[in-house]
Amino acid sequence: MKPKVIVYKKVDSTVIEYVRETCEVIYFEKLDSQSLPSFYKELKDAEGILGSGLKVDEKFLELAPQLKIVSNISVGYDNLDIPEITKRKIMATNTPEVLNDSVADTIFGLLLATARRMPELNQMVKSGKWTSQVGENLYGVDVHHKTLGIIGMGGIGSAIAKRAHYGFDMPILYHNRSRNLEAEQIYQATYCSLEEICQHADFICLMTPLTPKTVKLIGEKEFKLMKKSAIFVNGSRGATVDEDALVQALQNGDILAAGLDVFAQEPVSPDHPLLSMDNVVTLPHIGSATYETRLKMAKVAAENLVLGLQGKQPLSLINQDVLTEVH
């Protein structure tokens, strides 16, 4: 009998067909008030789930006693309670690497758009307010040859560094849990403290995963250390920043501008003060949102799922400790 799995996110039909070759698939394009009762009913005897964003914690796992693998279509896995999942001898997987370039493109594009005030000027043109030569009050700032600080020099951070080094001749400072010697050698990146990045970087990109240690990693203290000409870009998770402190820093002129792909609450509330600021460029958490990349991510997640249920090691297993328990 084929193992039963639940796919709870809209994915390409080729991904569903691949999983169906070895598994019985129950497919939900999305989870809402109408589909949740059926989802929980099917969960009772499901051996695997594939999707993203669903909070998988102790309460959830009590409803899934047969679960053997959780396959996340994401590089981040802050929605997964890894200690609880591991305690129950369940594999947890994610999809790193395949999205590095797409996310780096987005974050560098956000940096450029914020520095050169592109969304603001685009709106000015489209609304018919471009009636004379643009004056100094609408000038942006240069990106090339400015110092870039990257907080979190993993795969995505390294891809951002590559664009900065080769494309814009930017000196690079970085802070990470451990030194990235490859980035130091290839991109001449300099390892330094978080405080040093805040003090010396012209552009600061936050790219850390969300963990208990990184919640509100950037707050009032860090913003006050930054240059008044600094531009802050968050491409990690919204909770890594104290948003109230960010609002204050922008209002007080402690920093020049911010580019945000993520928020503490998503979707962000329409009345959030950050949305009314001309010096803030916002995106709806679309770092990896290209058709090609999302398809690659779904394929990796599907392969993780199938391998795990076949008793093999998935391509990207988060909780390696579980291997001794399942094999």
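Helix H12 (residues 291-309) lies across strands E1, E3, E4 and E5, running at about 170° to E4. Helices (H or I, at least four residues) and strands (E, at least two) are DSSP runs numbered from the N terminus. Angles run from 0 to 180 degrees between N-to-C directions, with axes fitted as lines to C-alpha atoms, for helices over the stretch in contact. This is a predicted model, in which local features need pLDDT of at least 70. Residues are numbered from 1 along each chain as its sequence is written.

An open sheet of 5 strands has the order E2-E1-E3-E4-E5, with parallel pairing (two strands pair if DSSP finds at least two bridges between them). Strands E2 (24-27) and E5 (91-93) each have a single partner strand, so one side of each lacks a neighbour in the sheet. From one strand to the next, the twist averages 15°.

A second open sheet, also parallel in its pairing, contains 7 strands in the order E8-E7-E6-E9-E10-E11-E12. Its edges are formed by E8 (190-191) and E12 (280-282), each with a single partner strand, so one side of each has no neighbour in the sheet. Helix H7 (residues 155-168) packs on this sheet, touching strand E6 (148-151) and strand E7 (172-175), and its direction makes about 170° with that of E6. Touching denotes contact, meaning heavy atoms within 4.5 Å.

| Strand pair | Bridges | Facing residues |
|---|---|---|
| E3 (residues 48-51) and E4 (residues 69-72) | 4 bridges | Ile49 and Val70 |
| E9 (residues 203-206) and E10 (residues 231-234) | 4 bridges | Leu206 and Asn234 |

Terms used: This is a predicted model: local features need pLDDT of at least 70, side-chain atom pairs count only at pLDDT 80 or more; totals for chains, interfaces and linings use all residues. Side-chain values use heavy atoms; hydrogens and water are left out.
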